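Hi everyone, thanks for coming along. I'd like to walk you through one structure today, so please have a look at it before I go on.

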Amino acid sequence: MTPSKKTIAVEKKILSNAEYSRRNAQRRRVSFIFLVAPALGWFLAFMLWPLLNMFYISTTSWNALNMPKKFIFLDNFVRIFHDPKMAIALHNTGTYLLVGILGVVPFAFMLGFFLSLRKPGYRILRTIFFSPSMLSVAALAMVFLGLYRPNGMLNTFLTSIGLSALTRVWLGNQATVLGALIAIDIWGGIGFYSVLFFAALVNLPDELYEAAMLDGAGYWTIMWKIAFPLMLDFIGLVVILQFLSILSGAAYMILLTGGGPGTATFTLGYYLYDQAFLSHRLGYSQALGVMLFFIGIVAIVLIRRITSRWSS
Amino acid sequence: MLNRVLRVPKKIKKGSDLFVMGGYFFSILYAALIIIPLYFVIVSAFKNNTQIISTPLALPAALSFQKFFQAQENVNVLRAGLITIGITIGAEFLTLVLAFPAAYAVARIPTRLGTLVETIFSIGFLIPGLAILMPIYMMTAKAGLLYHPIALVILYPAFSLPLTMIILTGFLRKLPRELEESAVMDGGNLLQIIFYIFFPLSMPGIITILVLNFINIWNEYLFALILMDSNNRTIQLALALLRANQRAVDYGLIAAGVLISMLPVFIIFIFFQDKIMSGMLAGAVKE
Amino acid sequence: MNKRKISMIIALLVATSMVISACGAPATAVPATAVPATAAPPTAVPPTAVPPTAEPVTLTIWHNWGPDDAKGAPLKTIFADFMAANPDITIKDEVYVDSDIPLKVETASTAKVEPDLVFVQRVGSPLSWTDSGVTLPVNDYLTEWGLAGKFTDQAMSDYTQADGKVQAFPLEGYRWPIWYNTKVLEAAGVAIPTTTDELLAAAKAIRATGNQPLIASNDGMGVYLFSLILESAMSDEEAIQCMGKGDWTVPNCIKAVELFVQLRDAGVFVDGVEGIDYGGANTQYATGTVAMSHFGTWEDCAAEVASVVPYVQLGGFPLPEGSPRHAPVYYTGFSAKGIWITPNGAAKSEAVKKFVQYIFEPAIYARLVEQAAMVASLKEVPLDPSKMNPNCVPPLSANAEVAMQPDLFLPPEVNSDFTRVSTEAFTPGTTAEKILADLTAAYAAIK
């Protein structure tokens, strides 16, 4: 605070610097609590106890919502270590994450940047890019079933352009099924996140780009040398969102493949669903939930650290 | 950008033109990849199963709206859609009212409590929904709100708060420090400052979370299933009923249901898109 | 956009959302506060002797027979006629997705607001309901309400637990045979196959005419064809050994897996079977280009297959040489739907008794059989041929033997793994050794 403001005391007394700072801090704290309390209270009411509950149940053996629980300490976690399905699930989830993030974020950013240039027709493009997100998961499943069937649209298209050698039983072939599911995510994700990037980028001042152009930079350079660094935090956020959504995601596996064929699409998220709803091992499923929870925390911290180091 | 008249060197202009052309090319290509499946859904709503499977992309033989009427009759898709929209609007509004002042506090009021609060919200991010199903059900039943959509309007903000807080705090942090000082000089209490100055300036962040939260609420199935009854179905419950009521699936029926459910969403998106974007641009103009 | 406009838009949004949310029907669906029953003790709970009263009662019933199900319409008439005959009883029925009903019932039960009656299968979590108190055993109701001898033996045994408690009133049976499209078979010049050799020959002939032999889906439904084929090569006792207990060293079990691989490699299944979903299988069969499929009674009257219904004959799955079975095998059972009674329902036992007696009155029950070809659980159902739904597949008349339905003896923990191994099995290139190894591993993991 400038010296002149310091002399504006709330009371008539002239306070010392230290006293003023203390009262100020107190007042700030009061305002802070007043502003934060509703949101925090709302959140804790619904999430805190159930979260603790999740940790508690992960230490039990529990088979059905109305059956008794049996306390078994950390047995569930020991079981995770020895579980052969864990290795498979980790491998599949890892692949999904790698392809799902690298296949979405860079392209979403580039498309978002292009949209933010507001060239003619950008509004229509923006609406189109966003529309997959408006389809419910069940509708998407129906669409992609129609695409991936042995006599579905994809194979028919490939045959019609003479590439019938490339036709596959996409959902039945262990080599292609995981990629087929990831493709659904990428298809919708690029459009969705590109609109988000648009919203973030469009707020950058015009003068920024103009100055760069006068200095001799083209759009490509501007995109990577100016927009990208400024957006690093937001990009980090998008990566976190994609990461968490893929980590616990199971919708397409449930609707289209059931984790198969064999174990080709058996991921961590599906494993949790399977143990909770299909195999009736609620305790173990919560242990998996706890594990996913910690993986998520580590991921968030890492991604944040990377983006902050990158921007400095 | 280049809409203004600038004396930009020819080589740069050409490179930028190339970029724009490339941008259009890939955008249109991607747009086509999106439109084709959507087109598939649209025409399927007018066909029967055999036509859908054997000639998926052919135009329908006749424009019979029979499937639409049937979808409406079977599970009352329109009502489900309206209920869901009502829930979405209510929950989004509540989330914003709760989160914006809190985000301001965390981002702009320098106290140590700030980091603690931020961490608490971030953890909420990672809780799988299944874990909290039972306790929330009991709470709703005890409050006498079972089977009433208000229950979801109250519940969903709790799910949206973590993400909303993270994004809004991020945006609010970026705004210049001088804003508070000039506002204090103009007079006005804290709430007025927050609402009249910071709110319009954070439009990009607000739009972002409105959009993200909308998706999550629209697609939410588990809690809607458990907390609602057959009179107050949300759109996802209604669509699921179209599909699972019969093992022999009528794809045309599902397509019709999907289209009916998308229509209000589309309209709202297009209508508000213009209003919000123009508000955003106005907010971006420096005072 | 200035501040006033923002305020107006926000006010508009709030108002709209309130109006729309308020339009949601208020919570009249919450049942009247029933006397909460304690968790069911091991002995059967005698029904409370409530004197007949003219007080209005509402019975809440959850089921999945909605407008798309052939049984939806007759059920609606049954409800309507019952209410007309009993003006003091109102039935409030709610339709939910079948697979969602157990979860909904269980969560509601914990808060003691569960429905009075539930129509659901005896598969999955309902198996534990009697033991955990979500529903009450109906042994005493059977005797006191005069329904004791009315159900078929198989229906009763399918609904009786090992400890003698009957979990629910068997409502609906199901049949899950092989559908033979006689038109396609005739075009190929073959009869309905009853042995593996005939099946292999038929497959060749059918393919020669440009059609496809046997369609299945590679998901949670296709696994039942997988197990049916396995069971065609083994006896029920052997099935319990390997499919029930996980001992895949039993010789006939090994032969069974080899049989499956042999059929697959000989092209008995349609092309691309490993990537077909149930809906796709259904639709493809309805095009009349596929000779055989594995559909259950829920398809019998479905509009989607109406075009091929005139040619369909039901039968069992052909037997391999040396099989201990005597006739082609198929699945049937009574765990398709039962009427379960909850503690809330037990408190309204007078009204529930009237309803249960009503729906199981043969003349009333007959409606479900006539109009939807439902497999009956009652011993005697008088059927009026003129009321039979002509769009339904005629009942099974071929010589066939019942194989044990896997849900009855497959351990629930191994269910999803078993399904995943079956999807592998349908994939070309998987050897019998791999299938057996994966099966053994799946069962070992649950020990």
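Let's begin where chains A and B meet. In this predicted model, the contact takes 71 residues from chain A and 73 residues from chain B. On the chain B side, the elements giving two or more residues include α1 (10-44), α4 (77-108), α7 (150-174) and α13 (251-284). Which of them gives the most? That would be α1(B), with 16 residues.

The largest nonpolar core has 301 residues. Those with the most contacts inside it are B:Ala99, B:Ala102, B:Ala103 and B:Leu152. Let's pick one of these, B:Ala103. Once you leave aside its neighbours within four places in sequence, B:Ala103 is in contact with B:Met165, B:Leu168, B:Thr169 and B:Leu172.

Now for chain A as a whole. Chain A has 14 helices and 2 strands. How does its radius of gyration look beside that of a compact globule? For 312 residues, such a globule would have a value near 20 Å, whereas chain A has 26 Å. If you like to think in boxes, the C-alpha atoms of chain A fill roughly 85 × 65 × 30 Å along the principal axes. As for burial, 48% of the 312 residues of chain A count as buried. And take the contacts in chain A between residues at least 6 apart in sequence: 68% of these join residues at least 24 apart.

Over to chain C, then. Chain C is divided into domain 1 (57-175 + 334-387) and domain 2 (178-295 + 411-445). The centres of these two domains of chain C, taken over C-alpha atoms, are separated by 33 Å.

Last stop, a helix in chain C: α10, residues 236-244. Which of its residues are buried? They are C:Glu238, C:Ala239, C:Cys242 and C:Met243. These residues cover an arc of only 100° around the axis, so they sit on the same side of α10(C). And what covers them? The cover includes α9 (222-231) and α11 (251-265) of chain C. One backbone detail to finish: just after α10(C), C:Gly246 takes a positive phi of about 90°.

That's my tour, and I'm happy to take questions.

Methods: Residues numbered from 1 in each chain as written. Chains lettered and ligands numbered in written order. Predicted model: local features only at pLDDT ≥ 70, side-chain atom pairs only at ≥ 80, totals over all residues. Contact = placed C-beta atoms within 7 Å. Helix = DSSP H or I, 4+ residues; strand = E, 2+ residues; numbered from the N terminus. Core = buried A, V, L, I, M, F, W, Y, C linked by C-beta atoms within 7 Å. Buried ≥ 20, exposed ≤ 12 C-beta atoms within 10 Å, placed from the backbone. Rg over C-alpha atoms; globule rule 2.2 N^0.38 Å. Domains from an automatic or database assignment. Arc of directions from axis to C-beta.
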